[in-house]
Every structure is written in C-alpha cells, then in structure tokens.
Amino acid sequence: MMVGAPDILNASILIVDDQEVNVSLLEQMLSEAGYTGVASTMNPQEVCALHRKHRYDLILLDLQMPGMDGFQVIEALKTNDADDYLPVLVITAQPGHKLRALQAGAKDFVAKPFDLVEVKTRIHNMLEVRMLYKKLENYNKVLEQTVQERTAELRESEARYRSLTELASDWYWEQDENGNFTKVSGPVLEMLGIRVDALEGNTPGGHVPGWNEAERKVLQATIAARQPFLDFVFSRVNADGSKQKFQVSGEPMFNRSSRFIGYRGIGVELDVRP
C-alpha cells in the first residue's frame, strides 16, 4: 500500500488564518511546491461546515484568532462523525500552546515566524500519513463489501443445493464422526432403522422391526469403513405386510486437515411393484 507524489500533491488542503499576509504566504509556498487543491478562509466559524462538505486531507489552523480560536475549532471538528481522523496541523507563535494543541487532537504543529523548509516538510509528512490512512480505510471498505458478497453467494449456493437435494431425493442427512445425526430432512432415521428420538440425544431404544438385516448390515459396514456408496437398495416389511424399498447414496466428509468429520447422503423411496 504505497503513496505516490501525485496522491500527496493532489490532496485537499484548507488554510485557516485571520491574517491575510499569512494566508498569502502559505498559498504561495504550497503552489510553488506543486500542491493543486489549496483553499483558504479567514473566518474560523466556517471551518466545520467547509470540512463536512470537502473532507480536507489537511487543515492548517492558526490558534490565535478573534471570535473563535483554534482550540475551539479543533473541539468543533471532533463532532464530525464522518471522519475519525482529525487532519489538523496547528500554527502558533506561542511555544506553550504546542503541547496543548497536540493534547486537544492536532496531529502536528509549526511555529511562527515560518521556517518554510520545516513547514513544507511537516505538511508533506502529514499528508503522506493521511493518504495511507485513507487507502487503508478504502481497503477495509472493499474487503468488507467483498466478504458480504461472498457470504451472500455462499448462502445462495447453499439454498440452491438444498433445493436441488429436495427435488432429487426424499431425504437428506448428515452424521458427525461418532455417527450421531446432525442434520435431517425427511424420515431418514426411520429409513435407516434408527428411532427418531435418537436425533435429540436420547439413547436409541432398539431397531425398528421389519428391516432386511443382511442389507442393513452391509450399509452399516460401508459407513463404518468410511466408504462412499451409490444407489444402495435395501428393504423392509411393515407390520401390515406391505413392503418398502429404499435407495440411498452417501459419502464421507473430511475437513481441510483430512480429518474425518462425518457422513452426508440422500435417499429416495422406490416403488414396489406387486
């Protein structure tokens, strides 16, 4: 994240001084140094409104002014919620005011009478910091927007996946690494021969009767071996003598560290022809 000379020279600067000669001197110095966005006012009461409108990158502020001194201007600028960085460089002929101005929130100071080399150096350094701050602020905004967009895309993708799953199957299910069901859509627990109350953390009270045990053991062995399975068919006979067949597919899930974290799968009920 670099700041080039054009960024600094095109920065917006406001000169605030009640002495016209000081304003003219600073304007001439900045113009000769190549700065293009320089404005000025001799009325300190205009500063807050001007800053809200233009959001200056630097305010050169005289402390000794009638009606409203520089300290009062600094306090007023702090009420501008749109900018939490106070870009004020104070100008003072009173050595005792320097520390007070910095404690009030000013970022730097220059002394009167002006040492033009010192003034130009301090202005350049402060603008460089200001430009870096703005670039970082803009980067954070772009990053936040990107995260929001990616999150929205992920949620949309998940919604599409759920929709497709619901269209393509009667059930969707997920298990953790211990075989506990963590997500279920449809009567998958009954389909796998496990009581529904097991999902709520209760100990299963035995298997639902009627399943073809040989088929079910093959499925359970495949899951225990953490192997994927596709279109596995198994069946059950209900208490009324009716028969049901189910077709299930599943795959093991692993995290980025290749650690097994469970299973997920889908299933459909097949038509049983007499």
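A residue counts as buried when its relative accessible area is under 20%.

**Figure 1. Overview of the predicted model.** By that cut-off, 36% of the 274 residues of the protein are buried. The protein has eight helices and ten strands. Its accessible surface comes to about 16,300 Å². Carbon and sulfur atoms make up 51% of that surface. Among contacts with a separation of 6 or more, 55% join residues 24 or more positions apart.

**Figure 2. Helix α3 crosses helix α4.** The view takes in α3, residues 47-54, and α4, residues 70-77. Their axes come within 9 Å and cross at roughly 40°. That angle makes α3 oblique to α4, because roughly parallel is kept for angles under 35 degrees. The crossing is right-handed. From α3, the contact uses Val 47, Cys 48 and His 51. From α4, it uses Val 73, Ala 76 and Leu 77. By class, this contact of α3 with α4 holds five nonpolar residues, one polar residue and no charged residues.

**Figure 3. Helix α4 packs against helix α5.** Helix α5 spans residues 96-104. The axes of α4 and α5 are 10 Å apart, at an angle of about 10°. The two helices are therefore roughly parallel to each other. Phe 71, Ile 74 and Glu 75 form the α4 side of the contact. His 97, Arg 100, Ala 101 and Ala 104 form the α5 side. By class, the contact of α4 with α5 has four nonpolar, one polar and two charged residues.

**Figure 4. A cis peptide bond joins Lys 112 and Pro 113.** Omega is about -5° for this bond. Most peptide bonds are trans. Pro 113 sits in the loop between β5 and α6. Strand β5 covers residues 108-111, and helix α6 covers residues 116-168.

**Figure 5. Arg 226 has a positive phi.** The angle is about 60°, although Arg 226 is not a glycine. Most residues other than glycine have a negative phi. Arg 226 lies in the loop between α8 (213-224) and β8 (229-237). Its relative accessible area is 43%, so Arg 226 counts as partly exposed.

**Figure 6. Asp 231 also has a positive phi, but in a strand.** Phi is about 55° for Asp 231, which is not a glycine. The strand in question is β8. With a relative accessible area of 41%, Asp 231 is partly exposed.

**Figure 7. Phe 254 and its contacts.** Phe 254 belongs to strand β9, residues 243-254. At 44% relative accessibility, Phe 254 is partly exposed, because that class lies between the 20% limit for buried and the 50% limit for exposed. Neighbours within four places in sequence are left aside here. Beyond them, Phe 254 is in contact with Arg 259, Phe 260 and Ile 261. Glu 177 lies 77 residues from Phe 254 in sequence. In space, the C-alpha atoms of Phe 254 and Glu 177 are 9.6 Å apart.

Methods:
Residues numbered from 1 in each chain as written. Predicted model: local features only at pLDDT ≥ 70, side-chain atom pairs only at ≥ 80, totals over all residues. Heavy atoms only, no water. Helix = DSSP H or I, 4+ residues; strand = E, 2+ residues; numbered from the N terminus. Buried < 20%, exposed > 50% of the residue type's maximum accessible area, 1.4 Å probe, protein only. Contact = heavy atoms within 4.5 Å. Areas by Shrake-Rupley, 256 points an atom, 1.4 Å probe, with all protein chains shown as cover. Axes fitted to C-alpha atoms, helices over the stretch in contact; angles between N-to-C directions. Parallel < 35°, antiparallel > 145°, perpendicular 65-115°, else oblique. Left-handed = near helix turned anticlockwise from the far one by under 90°. Nonpolar A, V, L, I, M, F, W, Y, C, P; charged D, E, K, R; others polar.
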